[in-house]
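These are my notebook entries on one structure. I record what I looked up, entry by entry.

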Amino acid sequence: MAGGKIRREKLQRGSGATAASNPHFQGGIPFHKSKGQHILKNPLLVDSIIQKSGIKSTDVILEIGPGTGNLTKKLLEAGKSVIAVELDPRMVLELQRRFQGTPYSSRLKVIQGDVLKCDLPYFDICVANIPYQISSPLTFKLLSHRPLFRCAVIMFQREFAMRLVAQPGDTLYCRLSVNTQLLARVNHLLKVGRNNFRPPPKVDSSVVRIEPRKPLPPVNFKEWDGLVRICFNRKNKTLGSLFRQKTVLSLLEKNYKTLQALQLTSEDFSDDKEMAECVSALGDTLGDLSMDADEGKDDDEDMEMDDGETKTSDFKHKVLGVLKLGGFEEKRASKLSQADFMHLLSLFNKAGIHFS
């Protein structure tokens, strides 16, 4: 959460034990690190974030986790209005007190609640220092928001930020990288040391700019996510090896037979609401910093399909034939670009093989 420094007050008699047990107890409000309450205290850094955000005087700005309002004040100075979403009622009260009776009061709307559960109103730009434990679901909630906003400038834990911007071949390149970059242009703006916060977190941070793609790429996101999940299950194994696994072939063959029986193809999206739901689902089970699985799996999952059964063998050859056609059999997910995944998905779909 981003916010301002609460003025230090002399602790009244009898409160010494509280102060001693919580060194981040200020002005009657203790900051909870477990809730991601790390207050951005460096005014020069706040100014830099504002400058890099490119805020227009006509912008409606969304801020998530405003805390006590240090960043909020700068946002109000730069834009038309600010919508601040804050979970902690103590911080909501402090924020309201800070701007009560000022010219900014009428331009600030505070929503008390969980940003992941509440409906977000219209906004032009999002600028926020968020609790890091909600990084992944929040990113995809924002990217599923309609109408699309111009950009989001967000403070993330540094490793998560570097995954967002990672390119094919980078160590941190993963399903999070691929899914985010499918939906948005992502740029790293600046690194932020842990000592810029009160209380200081255990990790460094980075500010990232996320700009939604307009229009979105012409892809069925359910299909896309199904393919990418398989490919990044073992991102450093060859695709030929991955698609020989029993579990993968069984799943694809089941989809293949179902669609053939119904004489259907993969469905397009019927409306914007369905598309938004599918976009949001791309962030499901990603985990903020969970590594893509390259180890720890049961040996059973790695077993290749036996060619003993003719029908199963025919489908296996069909799948491997698609990989050979596109030259993907010896390639690895860790090295594939957005265009590569798009091409691979189209080849599978043309062969009647679907992932949802």
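I take helices (H or I, at least four residues) and strands (E, at least two) as DSSP runs, numbered from the N terminus. I number residues from 1 along each chain as its sequence is written. The model is predicted, so local features need pLDDT of at least 70 and side-chain atom pairs count only at pLDDT 80 or more, while totals for chains, interfaces and linings use all residues; side-chain values use heavy atoms, with hydrogens and water left out.

**Entry 1: the chain as a whole**

I find 14 helices and 11 strands in the protein chain. I call a residue buried under 20% relative accessible area, exposed over 50%, and partly exposed in between (1.4 Å probe, protein chains only). By that criterion, 51% of the 356 residues of the protein chain are buried. Contact means heavy atoms within 4.5 Å. Among contacts in the protein chain with a separation of 6 or more, 74% are between residues 24 or more positions apart.

**Entry 2: the loop between α6 and α7**

I looked up Asp 170, which is placed in the loop between α6 and α7. Asp 170 has a relative accessible area of 38% and is therefore partly exposed. Its C-alpha lies 8.2 Å from that of Lys 335, although Asp 170 and Lys 335 are 165 residues apart in sequence.

I then turned to helix α6 itself, residues 158-165, where the buried residues are Phe 160, Ala 161, Arg 163, Leu 164 and Val 165.

**Entry 3: Arg 185 in β9**

Strand β9 holds Arg 185. Is Arg 185 buried or partly exposed? I note a relative accessible area of 42% for Arg 185, so this residue is partly exposed. Apart from neighbours within four places in sequence, Arg 185 contacts Arg 209, Ile 210, Glu 211, Pro 212 and Arg 213. For Arg 185 and Glu 211, 26 residues apart in sequence, the C-alpha to C-alpha distance is 5.1 Å.

**Entry 4: prolines in loops**

In general, most peptide bonds are trans. I checked the bond between Arg 146 and Pro 147 and found it cis, with omega about 0°. Pro 147 sits in the loop between α5 and β8. A cis peptide bond also runs from Lys 214 to Pro 215, with omega near -5°, and Pro 215 belongs to the loop between β11 and α8.

Pro 201 is in the loop between β10 (197-198) and β11. Pro 201 counts as buried because its relative accessibility is 8%.

**Entry 5: Asp 124**

Where is Asp 124 found? I place Asp 124 in the loop between β6 (108-112) and β7 (125-129). With 14% relative accessible area, Asp 124 is buried. Beyond four places in sequence, Asp 124 is in contact with Thr 58, Asp 59, Val 60, Phe 149, Arg 150 and Cys 151. The C-alpha atoms of Asp 124 and Lys 56 are 9.3 Å apart, and the two residues are 68 apart in sequence.

**Entry 6: annotated positions**

I consulted the unreviewed UniProt entry, whose "binding site" annotation covers His 38, Leu 40, Gly 65, Glu 86, Asp 114 and Asn 129. UniProt positions are given in the numbering used here, feature names are shortened, and annotations may be inferred rather than shown by experiment. I find Glu 86 in strand β5 (residues 81-86), and at 4% relative accessibility Glu 86 counts as buried.

**Entry 7: α8 against α14**

Two packed helices are described by the angle between their axes and the distance between the axes. Axes are lines fitted to C-alpha atoms, for helices over the stretch in contact, and angles run from 0 to 180 degrees between N-to-C directions. For α8 (residues 221-231) and α14 (residues 338-350), I record an angle of about 110° and axes 10 Å apart.

From α8, the residues at the contact are Glu 223, Trp 224, Leu 227, Val 228 and Cys 231. They meet residues of α14 including Phe 341, Met 342, Leu 344, Leu 345 and Phe 348.
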